[in-house]
Amino acid sequence: MIQVIVLSGPIGAGKSSLTSILAEHLGTQAFYEGVDSNPVLPLYYKDMKRYTFLLNTYLLNHRLAQINQAIQEKNSVSDRSIYEDALFFKMNADSKVADPTEFKIYDDLLENMMEDTPGNPSKKPDLLIYIHVSLDTMLARIKKRGRAFEQISSDPGLKDYYARLLKYYEPWYKNYDASPKMMINGNKLDFVTNMDAQREVLKEIDEKLHQIGNL
Ligand SMILES: Nc1ncnc2c1ncn2[C@@H]1O[C@H](COP(=O)(O)OP(=O)(O)O)[C@@H](O)[C@H]1O
Ligand SMILES: Nc1ncnc2c1ncn2[C@H]1C[C@H](O)[C@@H](COP(=O)(O)O)O1
């Protein structure tokens, strides 16, 4: 049986942290998006207009390869869904940072790639876990993690970018219908350092997995 769990949520929400906690709890394999090995990401943060299409093409290829691995495992956990890339791209197209035609071509390609085909396993996840955070939490976590190209201290314009990104997340989650979904309160629950909070989050996820019959 194929069971894939994917995390989703804004930058710094805690997706990678919860991915490793959950995979360890379930005794299953974790898949990470490989930020440090992504050659386009640092270029993107320097020049979003030029690199949005290339970054998303790179990510589409990378995430599809990862999905093909993840669907072979039982209850594998991935630290970001493929569907969120379109959210970033759409936001950039809406604000004229990216070309709307480029977005349309990307979006059609994504839809084609994710379409179920007879005789092949579905690439869609079995559960999407969304970590909700406020802008303050998001900014604090980005600062705490300290990835150089994400820091507002070196590029103050990123504050507005992060605020806009957050605004795109709420309707995105509301409209997401590719699989069952659930929301975790990433503001309230410090599942990284507080073991009670961690147990609470894992309990919520176990209950959801039982409910959808995947545990
Ligand atoms: N719920 C949480 N409570 C406290 N700190 C957190 C929480 N989630 C993540 N962090 C911290 O915030 C930073 C970003 O977390 P990370 O898991 O890398 O986020 P993401 O993968 O969503 O970008 C890390 O330093 C991590 O330890
Ligand atoms: N599709 C994307 N467009 C722009 N930037 C993206 C996209 N996917 C990921 N990113 C960025 C955001 C962060 O800087 C890193 C990693 O994301 P994280 O939420 O920290 O796991 O990549």
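Mentor: A polar contact is a pair of N or O atoms within 3.5 Å; within protein, one must be able to donate a hydrogen and the other to accept it, and residues adjacent in sequence count only if both atoms are side-chain atoms. The model is predicted: local features need pLDDT of at least 70 and side-chain atom pairs pLDDT 80 or more, while totals for chains, interfaces and linings use all residues. Residues are numbered from 1 along each chain, chains are lettered from A and ligands numbered from 1 as written, and side-chain values use heavy atoms, without hydrogens and water.

Trainee: Which side chain has an N or O atom 2.8 Å from a nitrogen atom of ligand 2, besides that of N56?

Mentor: Around ligand 2 there are 17 residues (a heavy atom within 4 Å), with K15, E33, Y45, R80 and E150 the closest. A polar side-chain atom of E150 is 2.5 Å from an oxygen atom of ligand 2. The 2.8 Å distance to a nitrogen atom of ligand 2 belongs to the side chain of D85.

Trainee: How much of ligand 1 does the protein cover?

Mentor: The nearest of the 15 residues around ligand 1 are G12, K15, S16, S17 and R145. The side chain of K15 has an N or O atom 2.8 Å from an oxygen atom of ligand 1, and a backbone N or O atom of L189 is 2.9 Å from a nitrogen atom of ligand 1. Of the 560 Å² of accessible area that ligand 1 has on its own, the protein covers 88%.

Trainee: Which strands stand at the edges of the sheet?

Mentor: The open sheet has five strands (DSSP E runs of at least two residues) with parallel pairing, in the order 2-3-1-4-5. Pairing takes at least two bridges found by DSSP; strand 1 (residues 4–8) and strand 3 (residues 76–78) have three. One side is left without a neighbour in the sheet where a strand has a single partner, so the edges are strand 2 (30–31) and strand 5 (181–185).

Trainee: Which residue of strand 3 stands opposite I5?

Mentor: Strand 1, residues 4–8, runs parallel to strand 3. The residue of strand 3 opposite I5 is V77.

Trainee: What feature does UniProt place at residues 5–207?

Mentor: The end C-alpha atoms of this span lie 14 Å apart, and the span is 54% helix and 10% strand. The unreviewed UniProt entry names the feature "domain: Deoxynucleoside kinase".

Technical notes:
Helices (H or I, at least four residues) and strands (E, at least two) are DSSP runs, numbered from the N terminus. UniProt positions are given in the numbering used here, feature names are shortened, and annotations may be inferred rather than shown by experiment. A residue is near a molecule or strand if one of its heavy atoms lies within 4 Å of it. Accessible areas come from the Shrake-Rupley method with a 1.4 Å probe; for residues, only the protein chains shown count as cover.
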